[in-house]
Amino acid sequence: MESSLLSWIVFLPSIGAVAIMLLPKALTRVIAVGTTLTTLVVSLLLFRTFLAGGDPAQAESVFGSGYGFLHYVQRIPWITGEGFTIEYFLGVDGLSFPLLILTTLVMFLSCVASWNFSHWKVNKGRKAYFVLFLLLETGMLGVFVALDFFLFYIFWEIMLLPMYFLIGVWGGVRREYAAIKFFLFTLAGSVLMLVALLGMYFYSADAVHQAMASGGVEGIASGYRPDVMITGGTFDLIELATNQAIQDHFGAASTMLMGFRFAPFAFILLFIGFAIKLPAVPFHTWLPDAHVEAPTPISMILAGVLLKMGGYGFLRICYPIFPGGGHDWAFVIAVIGVISILYGALCAMAQTDFKKLVAYSSVSHMGFVLLGISVMNKTGFQGAMFQMIAHGISSPMCFFLVGVIYDRAHHRRINDFGGLWLSMPKYGSWATLGFFASLGLPGLCGFIGEIYVLLGCFEGRSQFGWAVPMAVLAATGVVLTAGYVLWLIQRVYLGKLREEYAGFPDAGIREVFILAPFGVLAIVLGILPKHTLFNFMNGTLDLMVDHIVSMNRHFDLMNQSYAMLGG
Amino acid sequence: MNQLLGQAWIPEGVDLFRFSPELTLVATIVLVLAVPMIMGRSARLVGGIVMLGIAAAGWLTWRVAAEVSGQGVAGMSPDPASAMLLVDNLSCFFKLILFFFAACVTGMWWMGSSASERNAPEFFVLLLGTALGMALMVGTLNMLLIVIAIELASLPSYAIVAFEKRDRAAAEVSLKYAIFGAISAAIMLYGISLLYGLYQSLSFVEVADGIATDLATGRNGVIIAVALLCFFCGIGFKISAVPFHFWCPDAFQGARIEVTTWLSVVSKAAGLILLMRLVHALAAAAGAEMISALAPLAWGIGILAMLTCTVGNLSAYMQTSVKRMLAYSSIAHAGYMLMVVAILAVPGSVGAASAVSALLVYISIYLFMNLGAFGVVALVYWHTGSDSINAFSGLIRRAPWLAIPMLCCLMSLVGLPPFAGFMGKFWILYALAEQGDAASWLYWTLFVVAVLNTLISLYYYMRVVVKMMLADDGQESVRAPAAGTIMVNLCGLLLIAMLIWAQPIKHFADRFSTNLYSAPVLTVDVGTIDQTTAHP
């Protein structure tokens, strides 16, 4: 089952970056677009797995037999010592697969969106821009496929520097402030992650050694790999989640880290680290700054891919490895989610800057992800995941729509626009589609995610008394969203055409080329959610929920609630 | 001591072989002085001799390292307990680093100063003199030799810092440095004399045994504390631990850039390794049942480490000279490295092996980060005549192949992947967490402080990055010698390579961090050398 396909996907952009550095400047854009396109095509090869059986409807079972059933696995020992293993371990399952495809797609389209680089305000350093752009892609793809926590962490940090420069060099007026804020926030989050990372390693080593000593054996069976024995600590994310001995040791009340119960403490550290990236209120303040100052393609990447890493982190690391954390703090997490939904929507409504409005709408939409995850049932997880993908399609589209008008008007003041649909009919139509997708209009992609999250809340009412009120509040957020989006459309696209905008050329071929895939996907995902997305991810998500629920039942029996941080 | 004085002892060939790297240095110093008298004071000639001498010393060290790697310990004295010189894995490791770095610094000198240098022989006598001192410093547990080694490393440093005789600022910092050095040497001697008075021995191994016995019975507690405090003050000066750091930024800023580079890495590394050896010997003598008796030592070093890295990082904030900023950053990094020394103060600690290995990895990586960063500062300085942060403005346009390696080195100093500085920090944090698991909460505190300091340090390193990448005030482009550009770019590349090949680096450090000479068996016959026991 070993395959180097994922390595190729991850490092193709880096190869492109090296090529750009070595080859003449005239070829830069072509190489960049070519590289991202190649990466997209190669990543689409992953679909082979699903079509092998001939029946796409059976795709769900591709990730079937248990949590941690991976494809295209590549495992190479990287740094090893006495009982110490860090692996170069890549693989995809239903959780990372859609995000991987989303990343390669968004990167390709935003690379095309960078094509007019020479018309930008800051148009120096074209080579550097595309080199950093491609290095960023390597980092992001790496995060989604790395299944060794150490490797994950490295990829997570690799993104920081390119992103810092992409905002800081090619951004707007306050670019330096926005870039360093982004950098510091994310680094603070990853530093917390580092604490949890080391704790997880040492306690998994303790757990394995104890189990070996008590059983008098040379190694204990791996939690998900048949015929594999583990003999020491591990950074393997799937192993940490599935190995019963490790899970028991993590959850035990006597396992302490820095004077706190380990599992709840580590859950909190990881949660904050990922919540910063998501971003959830109150860790969201870097986002509006970064979005507003970043150039259009970078905003597309920020919204389309970077924010998904937070959600991916919850689903990949927080919940499966520390299931009790999600169980005992479900209420807090749901409250943070609902506050993000409402606060984000209200802030969006108050904005006069077009881009900032879209940025706050991202906060609001990512709140749904948090709410969906918090109820810990299959519907909720599916909704959260669908919401991430849907937002990954609609928000880059919205940011690009803002960019298109900014290229022409050179300002983003919503109240100064009006009647743009009249002068730019094609653009107006795509814009309406994009914003309706973001609004969550039934039939478009945004709707499915939100409705699944709300359904998940209702489904969780027997377990959590607060689930239904939360759903009601979140539904209010949907109304608010409709409010600011419709108001926005009214102010910008409808009404009387102002004469200063009358001569604007309509969306060109390149712009339509970027908008069309997003628009088409928004419709297709809205109409055929099962065939386009649920089939691919439900297998893994359902197994993950089963795993979390059974682990929690196990902990309940041992009466080891996470609620107590102390001993 | 008495035995040494009482009988004539002639070193054997094998002893001389083990001592050959140091002897080579001495020979090189003599040649550097003698040859110009015959062949004229050509700077290039002197540089060439130095290069050859360093290469020979490095090669011999490699041979010696291969010989001692298995057996661990070799003392150069008839009596293992009072062994004057230790040749074990640790000292071999440091000497390898030392000679490699000496070659790099000589290369820097060759590029930047050799053309205008008129006092090359004197310069290299001083430089190699400090190198000899440091080489001795890491290979001894004899208190007399410790004092001599530290002085041998320090005295030429005072002079070399003020090597630009006509530069008033350099003269001022040299005086400052010398006064600080003299006072801390005096304090250290006082501490050592107390220890000698208590235990009538100059061998720290015997002293440590005496201390352990006294601590167990509760005698002489105060006087031991005072003596050790004074003793470690002298070493604290060498590694510029806060509050003995005041000389460091001034000296580093006033000195020539190749001297600054030299002092910033090896002089601190030598002090740290010496301190680690002393602490290790104390802990080995005390034994596992005396953890609480040595807790004040662990806490003392730990608090010193926290202070050092926090003060270093906070002081670096507002600096306008990049050289001075890097001086403060080197204080902060000494603090990170000091943290792992605190682990060794726990007798029988679980994390001792990973602590030593973490320190060695850190030194190996830190060497390249500092070499690269100071290298770029040097190249910019030689062209613009300024090391102020404004001289770096718009460097990405003016000299992209200087700006990119500078970025790599600075981010590596922060500890950001994909640069090797992350691995260095990771192993330190790993060692701290491993210890934090088992022992007191000191180690988790250190862990948190180290992590917070990483965040603080990001900001001031980023100031330089922002200047280089985001600002541009239209200064002319920088022309740098090709060799220098290649060297700094190699450092940058190496920093990435050392992350990808973290495994060999770790194994290299692991190899040299085992079989340390801590406490030999005292009953060995006088006259035999190799039958000492190593305590891993």
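## Burial and Leu194(A)

A residue is termed buried when its relative accessible area is under 20%. In this predicted model, Leu194(A) has a relative accessibility of 6% and therefore counts as buried. Leu194(A) is located in helix α8 of chain A, which covers residues 175-215.

With residues up to four places away in sequence set aside, Leu194(A) touches Tyr153(A) of chain A, together with Phe422(B), Phe426(B) and Leu429(B) of chain B. Gly372(A) lies 178 residues from Leu194(A) along the chain, and the C-alpha atoms of the two are separated by 26 Å.

## Leu40(A)

Helix α2 of chain A, formed by residues 28-44, contains Leu40(A). The relative accessible area of Leu40(A) is 10%, so this residue is also classed as buried. Apart from neighbours within four places in sequence, Leu40(A) is in contact with Thr104(A), Leu105(A) and Phe108(A).

Between Leu40(A) and Phe155(A) there are 19 Å in space, C-alpha to C-alpha, and the two are 115 residues apart in sequence.

## Fold and dimensions of chain B

Chain B contains 20 helices and zero strands. Its radius of gyration is 22 Å, close to the 24 Å that the globule rule gives for 536 residues, so chain B is as compact as a globular protein of that length. Along the principal axes, the C-alpha atoms of chain B fill a box of roughly 70 × 60 × 40 Å.

Of the 536 residues in chain B, 64% are buried. Among contacts in chain B with a separation of 6 or more, 80% are made by residues 24 or more positions apart.

## Confidence in chain B

The mean pLDDT of chain B is 86, and 91% of its residues reach 70 or more. Confidence within chain B is highest in helix α16 (residues 400-414), at a mean of 94, and lowest in helix α1 (residues 2-6), at 49. Over residues 519-536 of chain B the pLDDT is below 50, and this stretch has 35 contacts in the model beyond near neighbours in sequence. Where pLDDT is low, predicted coordinates should not be read in detail.

Methods. Residues are numbered from 1 along each chain as its sequence is written. Chains are lettered from A and ligands numbered from 1 in the order in which they are written. This is a predicted model: local features need pLDDT of at least 70, side-chain atom pairs count only at pLDDT 80 or more; totals for chains, interfaces and linings use all residues. Side-chain values use heavy atoms; hydrogens and water are left out. pLDDT is the predictor's confidence in each residue, from 0 to 100. Helices (H or I, at least four residues) and strands (E, at least two) are DSSP runs, numbered from the N terminus. Contact means heavy atoms within 4.5 Å. Buried means under 20% relative accessible area, exposed over 50%, partly exposed in between (1.4 Å probe, protein chains only). The radius of gyration is taken over C-alpha atoms; the globule rule is 2.2 Å times the number of residues to the power 0.38.
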